[in-house]
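Here is a note for a colleague who is opening this entry for the first time. Please keep the sequence and the coordinates at hand while reading.

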Amino acid sequence: MEDRSTDVLQILKTYFGYTAFREGQEEIIREILNGRDILAVMPTGAGKSICYQIPALKMRGITLVISPLISLMTDQVKALNEAGIHAAYINSSLTEGQITKALLYAAQGKYKIIYVAPERLETARFLDFACHTEISMVTVDEAHCISQWGQDFRPSYLKILSFIRQLPARPVVSAFTATATQRVKEDILDILELSHPYVISTGFDRKNLYFAVYAAKNKKDKIQSYLKEHDGESGIIYCATRKNVDELYLLLSGKGFSAGRYHAGMSPGARQENQEDFIYDRKKIMIATNAFGMGIDKSNVRFVLHYNMPQSMENYYQEAGRAGRDGESAECILYYSPQDVRVNQFLLDTKENMGDFTEEELQNIRIQDRQRLRKMTQYCTTKKCLRKYILNYFGERTAEKCKACSNCSEEYEDTDVYPIAADILGCVKEAGQRYGINMIVGILAGADTVKLRANRQKENKYYACQSTQTQELLKEVIYALVEEEVLSLTEDRYAVLKWTALAEKFLTERQTFFIARKKKTQKENTPAALR
Ligand code: ADP
């Protein structure tokens, strides 16, 4: 045992140039070398690759790494070869001739690690190769893609098991992912038939990151003042659309900020140039869509700002997590506006059917997309600790308050809004539980809109009964009722407010309903929760 651990440490030093293992790495390597299947959930930047690359070097045969993205494979193989480790990839970027050659070399034992796309596993040629070569381990990277409950479900991942079953001997199977809720974890374990696996989740908490949500009316101004205050620091600004990236880029570079941009509409050359300018610190700020960041390992990112809310907590934590990889403090700030919800809803509704899904699968995916968007929106409107919200979302328990997020550092006072809450519930029911948040707020506030008139809601007996309150407060109380599950929002495209089973009880048994409101004396940058 002693021997083995000094041995793997030596490999870490010799090939990768690091002196110590990070959390989880050594145990995973040890368990794999003991022949055990693995499911490892580790946040972005934790160092998952080494966990299968080091055992791959020590095992007798070949390790196949199944990876969804050609660009990731290319980067990994390049890095391995530079470190003196024989590795190759087999994917659609190669010609038939190149594939033949790669398989021939592999069969001759020239490679220890081969990266393949999941689709490749089904081809007769690859299967024939795999059955006549010693495959010691199959590593499934981005393993959440196997689950319909995961954010990037890929049906081709479902083929992995039948591939493994056809091998003459079952290899060690190791699965890695950065984002897995309990349900996704269970799916990975079941679908890959992991036997007595070693399951490990290293902590998701990134203690050096400060989280904040600000409901900003003028996001562009807010971002400019932030950048002025953080002059000279390196950071990423994520936008929901290419158009927003371009607009913000023109604005900021026009004002003299050192900025680059990145989105899928740009030519590969321009993308590459912008990416390298950022990585090598020639440009300080990267303005990008979520196309930017996978496989990028820049350690000194001091802030990740979100100009728009992303589509899911999974996306958010992955993007925000690119800040502070060096362990120094960094900030993750999300500038939220309710319009972001609509933009994202539109993007989700018009998303291409990339994976050739059946109608049923697609339906299922859409429902979950909406649920995830809803959870993301709740992150922007909650008044509770943001870190706790994130960690709970990923299935971790935490202390009540972190004191390092915008909600924990603001001063709040509890306000009883029971009469408003009661009117909201009454209004939702009176209107037939058919409308979304804006309509209900409009009725209570006594708005005089075409839509309201067309739906005869001026006749609603709750019409204008809360007209002395701001619409912001009314929304705030609705969000709180949703969070407490007294009201629910349907999963339809236009989310409709409905009573839950708790609503009746709320009206008959409760006399108070406290929500946290920011103290009046606070200066600017009001958290989203309070606007
Ligand atoms: P992940 O796949 O979990 O996002 P990577 O495997 O890409 O993370 O690793 C992230 C970075 O951390 C890489 O630059 C990697 O070389 C580095 N790294 C991994 N393990 C260690 C270690 N034990 N000590 C120092 N750096 C490490």
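Predicted model: local features only at pLDDT ≥ 70, side-chain atom pairs only at ≥ 80, totals over all residues.

1. Residues are numbered from 1 along each chain as its sequence is written.

2. The ligand is surrounded by 13 residues, of which Tyr-18, Gly-47, Lys-48, Ser-49 and Asp-297 are the closest; a residue is counted here if its C-beta atom, placed from the backbone, lies within 6 Å of the molecule. Helix H3 (residues 48–58) gives the largest share of this shell, 3 residues, where helices (H or I, at least four residues) and strands (E, at least two) are DSSP runs numbered from the N terminus. By class the shell holds 5 nonpolar, 5 polar and 3 charged residues, with Ala, Val, Leu, Ile, Met, Phe, Trp, Tyr, Cys and Pro as nonpolar, Asp, Glu, Lys and Arg as charged, and the others, Gly among them, as polar.

3. Strand E4 (residues 113–116) runs parallel to strand E2 (residues 62–66), to which 4 bridges join it, and Thr-63 has Ile-113 as its bridge partner in E4. Strand E3 (residues 87–90) is likewise parallel to E4 and joined to it by 4 bridges, with Ile-90 partnered by Val-116; strands pair if DSSP finds at least two bridges between them. Within E4, Ile-113 and Tyr-115 point one way and Ile-114 and Val-116 the other, and all are buried (20 or more other C-beta atoms within 10 Å; exposed means 12 or fewer, and partly exposed lies in between, with C-beta atoms placed from the backbone).

4. Arg-456, in the loop between helix H19 (450–454) and helix H20 (471–483), has a positive phi near 55°. Glu-485, in the loop between H20 and strand E15 (487–489), has a positive phi near 60°. Most residues other than glycine have a negative phi. Arg-456 is exposed because 9 other C-beta atoms lie within 10 Å, and Glu-485 counts as exposed with 12 such neighbours inside 10 Å.

5. In the largest nonpolar core, of 58 residues, Ile-237, Ile-287 and Val-304 touch the most other members; such a core is a set of buried Ala, Val, Leu, Ile, Met, Phe, Trp, Tyr and Cys residues joined through C-beta atoms within 7 Å. Strand E8 (residues 209–215) supplies the largest share of this core, 7 residues. A second, separate core of 57 residues includes Leu-80, Ala-178, Ala-180 and Leu-194.
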